[in-house]
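Hi there,

Here is the structure I promised to pass on to you. Please have a look at it first, and then read my notes below.

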Amino acid sequence: MGIKNRVALITGSASGIGKQTARRMAENGAKVVINDIVPEKVEETVAEFAAAGLTVMGQVADIANKASVDAMVQAVVDNFGSLDILVNNAGMERAGALRKLSEADWDITVNINLKGAFLCSQAAHNHMVPNTHGRIINIASRAWLGGPGQAPYSSAKAGVVGLTRVLALELGTKGVTANCIAPGLIYTPMWDELPEKNQKFLLSKQPTGRLGETDDIAHTIMFLADDESGFINGQVIYVCGGRSLFSG
Ligand SMILES: NC(=O)c1ccc[n+]([C@@H]2O[C@H](COP(=O)([O-])OP(=O)(O)OC[C@H]3O[C@@H](n4cnc5c(N)ncnc54)[C@H](O)[C@@H]3O)[C@@H](O)[C@H]2O)c1
């Protein structure tokens, strides 16, 4: 029951949603792998969590690079003995009007958000299937429904939803589930950098009138990762304060 003693790899977990999820999972007894592409952030996060008595290990890896992902997943299994939970969380966005976006904007956004989730799921499922247990949780975005100025990001996140559905169909009989969370606006340091007029506009569109917290996503991830959530498969759960109810 729960996630106690389960091994969880959370990509991009030296910041924001991933970091809070890593903290909550470790507090609930999971052995947690902190991954990020920025070495100093991994080092700091591991030191912070270890000082709090949590069981964590760090893995610096670029999730958009197959060799880097394969080496990371092998290191996790060598160190903790299994890989039970994969949270494909690392992501970023290059936004702009269609006419202003470059090929590089498209490539980096799709590579990190979508190809990264594919590579990590592929490497992880090799260890989950023989154990007949696994939970893959992909972090998409409400923006997969479409957002103006978000061509690469919306497309990549729509791809994440498609990938989730395929994983659910291919792995379901093997004890491995795959689900997707579509967060809306969540309070992270990025929010503070937005001009006040943009913040006001975005808040005016929120049915709850407020932003979500990283814990709103962490709790939902833990629910899906739970041993007892094995009959939830291939779903998209919106954690967006109702913002998915209308477009734009
Ligand atoms: N914050 C929001 O409002 C929001 C809303 C919807 C969806 N999301 C999604 O939630 C996820 C987490 O977002 P966040 O706001 O916590 O972001 P964040 O920027 O705080 O954290 C993302 C982390 O991923 C890391 N990363 C980037 N590229 C990487 C790579 N190639 N390999 C490994 N790590 C890499 C970054 O260094 C960073 O530490 C993302 O997938 C994002 O698209 C966020």
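**The cavity**

The largest cavity has a volume of about 40 Å³. (A cavity is a set of points on a 1 Å grid over the protein atoms alone where a 1.4 Å probe fits but cannot get out; grid points are joined across faces, edges and corners, and the volume is the space filled by probe spheres set on the points.) Thirteen residues line this cavity, and those closest to its centre are Asn88, Asn89, Ala90, Asn113 and Ala117; a lining residue has an atom within 4 Å of a point. Helix α4 (103-128), β5 (134-139) and α5 each give two or more residues to the lining, and α4 has the largest share with four residues. Helices (H or I, at least four residues) and strands (E, at least two) are DSSP runs numbered from the N terminus. By class, the lining has six nonpolar, six polar and one charged residues. Here Ala, Val, Leu, Ile, Met, Phe, Trp, Tyr, Cys and Pro count as nonpolar, Asp, Glu, Lys and Arg as charged, and the others, Gly among them, as polar.

Before you go further, please note that this is a predicted model, in which local features need pLDDT of at least 70, side-chain atom pairs count only at pLDDT 80 or more, and totals for chains, interfaces and linings use all residues. Residues are numbered from 1 along each chain as its sequence is written, and side-chain values use heavy atoms, with hydrogens and water left out.

**The ligand**

The ligand is surrounded by 27 residues (a heavy atom within 4 Å), and the closest are Ser15, Ile17, Asp36, Asn89 and Tyr153. That shell has 14 nonpolar, nine polar and four charged residues. At least two shell residues come from each of α1 (16-27), β2 (31-36) and α5 (151-171).

A polar side-chain atom of Asp62 lies 2.9 Å from a nitrogen atom of the ligand, while a polar side-chain atom of Lys157 is 2.9 Å from a ligand oxygen atom. From Ile186, a polar backbone atom lies 2.9 Å from an oxygen atom of the ligand.

**The whole protein**

The protein has eight helices and seven strands. Its C-alpha atoms fill a box of roughly 50 × 40 × 35 Å along the principal axes.

Best wishes

Notes
A polar contact is a pair of N or O atoms within 3.5 Å; within protein, one must be able to donate a hydrogen and the other to accept it, and residues adjacent in sequence count only if both atoms are side-chain atoms. On a 1 Å grid over the protein atoms alone, a cavity is a set of points where a 1.4 Å probe fits but cannot get out, and a pocket is an open set with protein on both sides within 12 Å along at least five of seven lines; lining residues have an atom within 4 Å of a point.
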